[in-house]
Every structure is written in structure tokens, then in C-alpha cells.
Amino acid sequence: MYGASDPAAAERTAFRRAEKQYKLYKPPNLKGRSRSRSKSAGVEVGGGDLSAVVDFHALLVADGELPAGIGRRDRAGFDRPVFCFLDRPGFYFIPGALSTEEQCYWIRESLKTFPQPPNRTNLTAIYGSISDLFVAAKKQKILVEVENSDVQEKEHNSGDGKMESKNFKFVEYSEIQKGEECRSTRATTLMRKLRWSTLGLQFDWSKRNYDVSLPHKKIPDALASLAKNMAIPAMPFGEEFKPEAAIVNYYGPSDMLGGHVDDMEADWTKPIVSISLGCKCIFLLGGKTRDEVPTAMFLRSGDIVLMAGEARERFHGVPRIFTESDQQEISALVSQLSGEDDCFILDYIKNSRININIRQVY
């Protein structure tokens with residue numbers, strides 16, 4: 001699914017060259033400094049030439065014919081514009097699918113609700129099940145390892161089949177005894193270390209499959225309903241998408257997602273419904289091998305991508321997100337999240353991207 005059997009060979013592929021072309025690099029003289037804004041004499045640091053990146057939002061307002069190789073997907077019962085690549089069947093792009101209000105709702109859910117147990121995150125293997133991470137981060141709390149018997153011991157599967165116990169709890173900074181040595185981490189730091197959470201059927205990253213034995217809740221009804229409606233352009237006629245699992249990815253300023261294929265589900269005729277939230281990014285859609293030159297396109301907050309059928313066999317990835325204030329393109333989110341209750345969320349999303357991808361497993 002992820003990675004290559006020969007890393008050295010992967011470095012020489014067309015897909016890897018495209019990743020390097022668009023990736024934003026930090027020059028040596030900026031080492032250790034913030035790279036959220038790095039400009040010198042008006043020249044952006046790294047990132048390559050963006051003139052070849054497909055901009056579907058521009059096509060919404062463009063007059064005349066579509067560029068060569070790009071078409072529209074018309075489907076009865078679906079009233080939003082849908083674009084596709086004529087030579088890459090099964091891939092559909094729905095620009096601006098979500099309103100600003102809907103985007104803010106799913107950003108809040110992604111930070112507040114989706115990391116909650118029994119959903120697993122990348123932090124679970126280290127700290128066990130962590131409840132109320134968002135609330136703790138907002139209140140500037142500290143996660144500490146404790147040995148006290150009054151703290152409920154949390155068991156979890158470490159991924160290799162072994163059951164481990166983790167005793168952690170959130171405390172106020174003032175509760176930590178002066179001179180006391182204990183393993184501790186700021187909740188705000190953990191929020192920034194959050195990379196993924198899994199909803200519905202839980203995905204086991206160590207085994208690259210779905211583990212039905214792990215505790216889980218069904219996909220939230222509102223998210224399932226959204227996915228069913230948005231999946232219509234990619235679904236076979238007469239069939240309805242059945243959301244059974246979702247993976248939520250959290251991207252920080254320097255994060256990227258390397259080229260991979262999503263092939264763990266049983267029926268590839270059913271789409272992956274991928275929702276973009278937060279900062280704009282570049283998405284690469286390649287071929288069935290890394291040797292095929294990928295097509296680059298912009299993904300903005302509120303865009304939805306569908307990948308079904310043959311598109312499920314294509315390598316894809318995210319080499320860059322745009323956190324520079326003049327390129328984020330999240331002004332509508334900033335305005336909507338300007339209230340006091342949302343200040344922590346606003347601070348997070350100003351240099352982050354969230355991706356929710358919903359799947360039918362069986």
C-alpha cells in the first residue's frame with residue numbers, strides 16, 4: 001500500500017521527481033527558523049514552477065471549452081459541477097463541494113470528536129487511549145504518566161499482537177510537583193503530533209488491513225450521509241455507497257504524503273470519498289506504476305475527490321501544503337472561525353490541512 005520494495009529505485013521514478021519538484025524545501029540559512037513564510041527578493045523558497053498545476057476552480061469561471069484531456073461528469077440526481085480526466089477513468093473532482101459552514105463543522109469534528117476513543121490514532125501506540133485531547137490542549141494541560149492506583153489502567157493493542165498497559169492522565173501544570181520526575185508532554189504538542197485517526201472499522205497500520213476485533217463505533221450518521229451523497233458521480237447505477245470506515249489525516253506545515261495506492265478494500269468499484277479541509281495543497285495523480293508522470297492539481301478547503309475503479313490502482317500523494325498567508329486561501333474559514341470559542345481551532349488550521357477519506361470496506 002505504502003512505500004516501495006526498492007527505495008533506491010523509487011527515488012529515480014517520475015512520481016518521485018514530481019514530488020521533489022513541488023515539495024517546499026528549507027534552505028540552509030533558514031535552518032531552525034519558521035518556514036511558514038520564506039521569501040527573499042520576492043522569490044519563493046522551493047516548491048518549483050506551479051504553472052502546470054491544474055486549477056479546477058479556475059475552470060468553474062472560465063469561458064469556452066475545457067482544456068484538452070479534461071471533461072465534465074454529468075450524473076442524474078447530482079447538481080454540483082464534477083470534472084474528470086478523460087484518460088484516467090474513475091477519478092472525479094468536485095470543486096467547492098462544501099460550504100464554509102460545512103467546512104468549519106467538519107474541522108471541529110476532526111479535532112474534537114474523531115480522535116476520541118474507541119477511535120485509534122497514531123498516538124494510541126505510545127500513550128494508550130487518550131480522551132479529550134482537544135479540550136486538554138485548549139486548556140494548556142499536560143499529559144503525565146502516573147503509577148497511582150486510582151487512575152484506571154488503559155489496555156491497548158500495540159499493533160504486534162501484544163497487550164500493553166498505559167497509565168496517563170491530563171493535569172494542570174500547577175498539579176505537577178516541583179522536582180518530581182515523570183514522563184510528561186504538553187497537550188498542545190500532542191495535538192501537533194496528531195497525524196491520523198480512524199473511524200468506523202479500525203485500520204491496523206502494522207498489518208495493512210481492517211481489524212474487526214478492535215472496538216469501534218459506526219461512522220457518524222452525518223458523515224455517512226455526506227459521503228453517500230458525494231459518492232453518486234462515481235457509483236454504478238442503482239447502487240448506494242455504504243460508508244464503513246474512514247481515515248482522517250492531519251498535515252502540519254512540512255508534512256507530505258508519499259505516493260501510494262489505496263488497495264485494502266474488497267471492492268474497488270466503490271469510491272474513496274476524500275474531503276479536503278484547511279490549507280490548500282498540491283495533489284499528485286499518477287499511473288499504475290511510479291514510472292508514469294503524475295498530473296498535479298490544487299486541492300482547496302471544501303473540495304472533494306472521488307477515486308473508484310481503475311483510479312484505485314493509481315499512485316497518488318500530497319507533496320506540499322501551502323501555509324504561507326498569501327497562498328493558504330482560507331480567508332472564508334478565518335472569518336467564520338473568528339469567535340472566541342474557535343480561536344484554538346483557527347490557530348491550528350491556519351497552518352494545517354485535514355483530509356477525511358471515507359471507504360466502503362466490503
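Strand E17 (residues 281-285) and strand E20 (residues 316-321) run antiparallel and are joined by four bridges. The model is predicted.

- Four strands make up an open sheet, in the order E15-E20-E17-E18. Their pairing is antiparallel.
- E15 and strand E18 (295-299) are the edge strands. Each has a single partner strand, so one side of each has no neighbour in the sheet.
- From one strand to the next, the twist averages 25°.

**Val 318 in strand E20**

- Val 318 belongs to strand E20.
- Is Val 318 buried or exposed? Its relative accessible area is 3%, and buried means under 20%, so Val 318 is buried.
- Val 318 and Cys 281 are 37 residues apart along the chain. Their C-alpha atoms are separated by 7.1 Å.

**Asp 255 in a loop**

- Asp 255 sits in the loop between strand E14 (245-251) and strand E15 (257-260).
- The relative accessible area of Asp 255 is 18%. The cut-off for buried is under 20%, so Asp 255 counts as buried.
- Which residue's side chain forms a polar contact with the side chain of Asp 255? The partner is Arg 195, at 3.2 Å.
- The Asp 255 side chain also reaches a backbone atom: the nitrogen of Gly 252, at 2.6 Å.
- With neighbours within four places in sequence left aside, Asp 255 is in contact with Arg 195 and Tyr 250.

**Aromatic rings and charges**

- How many aromatic pairs are there? The count comes to eleven.
- One aromatic cluster is formed by Phe 56, Phe 83, Phe 85, Phe 91, Phe 93 and Phe 283.
- Arg 75 has its charged end over the ring of Phe 237, 3.9 Å from the ring's centre.
- Arg 353 lies over the face of Tyr 251, at 5.1 Å from the ring centre.

Key:
Residues are numbered from 1 along each chain as its sequence is written. This is a predicted model: local features need pLDDT of at least 70, side-chain atom pairs count only at pLDDT 80 or more; totals for chains, interfaces and linings use all residues. Side-chain values use heavy atoms; hydrogens and water are left out. Helices (H or I, at least four residues) and strands (E, at least two) are DSSP runs, numbered from the N terminus. Buried means under 20% relative accessible area, exposed over 50%, partly exposed in between (1.4 Å probe, protein chains only). A polar contact is a pair of N or O atoms within 3.5 Å; within protein, one must be able to donate a hydrogen and the other to accept it, and residues adjacent in sequence count only if both atoms are side-chain atoms. Contact means heavy atoms within 4.5 Å. Rings of Phe, Tyr and Trp (its six-membered ring) pair if their centres lie within 6.5 Å; planes under 30 degrees apart count as stacked, over 60 as edge-to-face and the rest as tilted. A charge sits over a ring if NZ of Lys or CZ of Arg is within 6 Å of the ring centre and within 35 degrees of the ring normal. Two strands pair if DSSP finds at least two bridges between them. Axes are lines fitted to C-alpha atoms, for helices over the stretch in contact, and angles run from 0 to 180 degrees between N-to-C directions.
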